[in-house]
Each structure stands twice: as C-alpha cells, then as structure tokens.
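Hello,

Please find the structure below, with the sequence alongside. My notes on the core and on one pair of helices follow.

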Amino acid sequence: GERTVRVNETVLEAAIEHGVTDFDHIGISYYPKWSSVPFSELGAYLDRFGQLFEKPISIVETAYPWTLSGNDDAGNLLGEDSLVDGFPATPDGQAAFLNALRETVASTGGNGVIYWEPAWISSRCETRWGRGSHWENAALFDFEGRLLPGAVTLGDD
C-alpha cells in the first residue's frame with residue numbers, strides 16, 4: 001500500500017540522500033503557533049516542497065482555536081499566540097482559517113487537511129497535567145457539544 005512520510009524538509013532531504021525513496025505521499029503538520037512558516041507563505045512553501053520531492057502533500061495535523069476561553073481546569077495549549085491575523089478565535093474565525101488552509105493546500109496540488117483531535121472536548125478525565133482537556137477550545141465542538149462550522153468546512157468537497 002501507500003506509505004506516508006511525516007517529517008520536516010531537512011529530515012526528508014537527508015532520508016532521500018540515504019536512499020529512502022519508497023514513499024508515495026508527504027504529510028505535514030501545520031500549527032501557526034509552532035510553525036516557522038507564516039500562514040501567508042504556506043502556499044509557496046507547500047508548492048516548493050511538493051515540487052522538490054515530486055510527491056503529493058497533505059496537512060495531516062492541524063487545529064485552530066474557536067475561543068480563547070476554557071471549559072475546565074486544564075490550561076489550553078492554543079491561545080492568543082496561535083492566532084493568524086484575520087482569523088479571530090471565534091467559531092466563524094476557526095471555520096474561515098480551516099477553509100483558507102484547505103484552499104491553500106488544494107491550490108498547490110495537495111490532497112487535503114486532517115484535523116488533530118476534533119472531539120477532544122472537556123471531560124472529568126484527570127491526567128498529571130490537569131483535569132479536563134487542554135484542547136477543548138480548539139475542538140470542532142463547542143462547550144455544549146454542538147458541531148462548529150469548521151467541521152462542515154473540512155467536510156466540503
């Protein structure tokens with residue numbers, strides 16, 4: 001079957017130099033908070049990356065906050081430092097970001113976008129880091145469990 005490689009450019013270049021070429025697809029994580037590639041430059045990056053390695057590319061892990069509020073005692077991982085100008089931390093802002101991301105991937109010949117843990121809502125679960133979810137403000141469900149517009153955006157084709 002198909003093999004997907006999920007690594008950064010430097011690691012992928014080194015792997016290819018050492019003979020690792022039996023993969024069919026490249027998967028990239030993209031979080032504005034942690035990426036060295038600004039959202040405004042992502043399309044050019046994906047296009048160059050795809051041409052350099054001559055493989056289709058997908059965003060295989062992403063998320064975006066729909067609120068900066070929390071619904072439990074566990075601190076949120078994605079806060080104001082995760083926002084991209086023009087895409088506020090609102091349900092519609094999350095949907096607009098995901099739609100723009102999907103369009104960016106499609107415009108470079110990519111295969112799509114996969115959302116990281118869309119159902120990681122708040123719960124009574126406890127970990128050593130807190131009670132609840134560190135991700136509920138970036139899930140694709142609101143605090144009452146209703147589906148947010150961003151989920152519909154990712155399902156369109």
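**Notes on the model**

In this predicted model, α3 is followed by Gly109, which has a positive phi, near 85 degrees.

The helix itself, α3, has 17 residues and spans 24 Å from its first C-alpha to its last, close to the 24 Å expected at 1.5 Å a residue. Its buried residues are Gly93, Gln94, Ala95, Phe97, Leu98, Ala100, Leu101, Thr104 and Val105.

Several of these come up again where α3 meets α2. The two helices pack at an angle of about 30 degrees, and their axes are 9 Å apart. On the α2 side the contact is made by Leu42, Gly43 and Leu46, and on the α3 side by Leu101, Thr104 and Val105. Sorted by class, that contact has four nonpolar residues, two polar ones and no charged ones. The crossing of α2 past α3 is right-handed.

Next, the core. The largest nonpolar core has 31 residues, and the members that touch the most others are Phe39 and Phe97. At least two residues of this core come from each of β2 (25–29), α2 (42–53), β3 (57–62), α3 (91–107) and β4 (113–115). In soluble globular proteins, nonpolar side chains tend to be buried together.

What does Phe39 touch, leaving out residues up to four places away in sequence? Its partners are Tyr30, Val84, Phe87, Phe97, Ala100, Leu101 and Thr104. Of these, Leu101 and Thr104 also belong to the contact of α3 with α2, and Phe97 is listed among the buried residues of α3.

Regards

Notes:
Residues are numbered from 1 along each chain as its sequence is written. This is a predicted model: local features need pLDDT of at least 70, side-chain atom pairs count only at pLDDT 80 or more; totals for chains, interfaces and linings use all residues. Side-chain values use heavy atoms; hydrogens and water are left out. A nonpolar core is a set of buried Ala, Val, Leu, Ile, Met, Phe, Trp, Tyr and Cys residues joined through side-chain atoms within 4.5 Å. Buried means under 20% relative accessible area, exposed over 50%, partly exposed in between (1.4 Å probe, protein chains only). Helices (H or I, at least four residues) and strands (E, at least two) are DSSP runs, numbered from the N terminus. Contact means heavy atoms within 4.5 Å. Axes are lines fitted to C-alpha atoms, for helices over the stretch in contact, and angles run from 0 to 180 degrees between N-to-C directions. A crossing is left-handed if the near helix is turned anticlockwise from the far one by less than a right angle, and right-handed if clockwise. Ala, Val, Leu, Ile, Met, Phe, Trp, Tyr, Cys and Pro count as nonpolar, Asp, Glu, Lys and Arg as charged, and the others, Gly among them, as polar. The expected span of a helix is 1.5 Å times one less than its number of residues.
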